[in-house]
Each structure stands twice: as C-alpha cells, then as structure tokens.
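Some labels used for a protein structure rest on cut-offs.

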Amino acid sequence: MSEPFVGEIQLFGFPFAPKDWALCNGTLFPIQQNTALFSLIGTIYGGDGRTNFRLPNFIGRAGCTQGAGPGLTPRDIGETFGEYDHTLDSTEMTAHSHAFTIYNQSDAAKKANTPSPGNSLTLPAQSQMMALDATPYAQFAPAMIGLTGNGQSHENRQPYLAVNFCISLAGAFPSFG
C-alpha cells in the first residue's frame, strides 16, 4: 500500500485498525498528540477545539459525499442525517384499495387453525363460521380494509456489509490545490 495522507479514511475488512490508523468510532483525541490531523479536520466531528477533537463516527452509518446534487439537499462535511427507523403516516403512503373475499369451506375436514394448502383458515378448527349463513365467495365492502401500522416504525437501513472505517493518523500531509 502506498503512503496514506494524514486524515485519509479507508475501509478495512478486518476487526482492528492497522498501525498509525484509528477506527472511525467518534473517539475523543488530544490535540497535542495529533496536531497534524487536528489541523486538517479541526472540530468538524466534535471536541472542544482547545484540548481535544473527535474522530468521525461511522458506527451504524454510511458515508455520503459533501455538497449537493440535482434534487438533493446540500450536505456539509461532518453532518449526520437520516434515521434508523421511520414511522410512515398516511401522507407518505400511496392510496390503494383491494377486495377482501370470504370463502365458505363446507368440508369440515379441510378447516384448520393454521394455514395449509387446500384448507380454509378458521379459529378454532372446530368453530362455526364467524358469519353464519353468509353467502359463499362474497366480497366484503371495499372500505373494510383501512389504515394500518398502529404508529409503529419500520427499519430504514439500506443493505450493508460490516467493515471498519479507519482514519490515517500518520503519512503525507495533503497539499491544497
């Protein structure tokens, strides 16, 4: 591997930071022992800027470039954004409807309280139909199926592969321009 730049961030597929590298886990570092790195990243990721500064924290996060693109909001270096889970509300869901049909299974041997091919699902297996004398294969009213979710969130992560983000503590000092 060629000599890294101080402050360069690389991905490593092993569970430790190599010599002269540190894990990007938000560790607080003393300025006095890391002046070169501090001169490059300052307090972008935290710290008081007098005695310490913080390394970037990639734990549970994905990297994103700074700036903006078409249709995107501007992102500043060091900015964190996004959410680990999200609760949808009715304005975020596309309106839809579909039919719900009841089937009358007249063969008692094919009534079951667990799903299985060729059987109807009733609970408990020995019970009568919930709608006695209902018309077989009747569609329910379209409005009987409504909003769902009960205010519960869903996980909101893109597919990922666990690797270590590490930052170089030593190496060539990058030149500007």
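Q: In what order do the elements of the protein run from the N terminus on?
A: The order is β-β-β-α-β-β-β-β-β-β-β-β, which comes to one helix and 11 strands. Helices (H or I, at least four residues) and strands (E, at least two) are DSSP runs, numbered from the N terminus. This is a predicted model, in which local features need pLDDT of at least 70 and side-chain atom pairs count only at pLDDT 80 or more, while totals for chains, interfaces and linings use all residues. Residues are numbered from 1 along each chain as its sequence is written, and side-chain values use heavy atoms, with hydrogens and water left out.

Q: Why is Lys19 called exposed?
A: Exposed means over 50% relative accessible area, buried under 20%, and partly exposed in between (1.4 Å probe, protein chains only). Lys19 has 71%, so Lys19 is exposed.

Q: What makes the pair of Asp20 and Lys19 a salt bridge?
A: The term requires a side-chain nitrogen of Lys or Arg within 4 Å of a carboxyl oxygen of Asp or Glu. The closest N and O atoms of Asp20 and Lys19 are 3.7 Å apart, and therefore the pair meets the rule. Asp20 itself is partly exposed, at 40% relative accessible area.

Q: How many salt bridges does this rule give?
A: The count comes to three. Among them is Arg50 with Asp48, at 3.8 Å between the closest N and O atoms. Another joins the side chains of Arg75 and Glu79, at 3.5 Å from N to O.

Q: What makes Leu11, Leu161 and Val163 a patch?
A: A patch is made of residues with over 30% relative accessible area and no salt bridge; like charges are joined within 9 Å, nonpolar side chains (Val, Leu, Ile, Met, Phe, Trp, Tyr) within 5 Å. Leu11, in strand β1 (residues 9–12), has 48% and therefore passes the area cut-off. Together the three residues have about 300 Å² of accessible area (Shrake-Rupley method, 1.4 Å probe; for residues, only the protein chains shown count as cover).

Q: Why is the patch of Glu83, Asp85, Asp89 and Glu92 called negative?
A: Asp and Glu count as negative and Lys and Arg as positive, with His and the chain ends not counted, so the patch of Glu83, Asp85, Asp89 and Glu92 is negative.

Note on methods
The place of a charge is taken as NZ of Lys, CZ of Arg, CG of Asp or CD of Glu.
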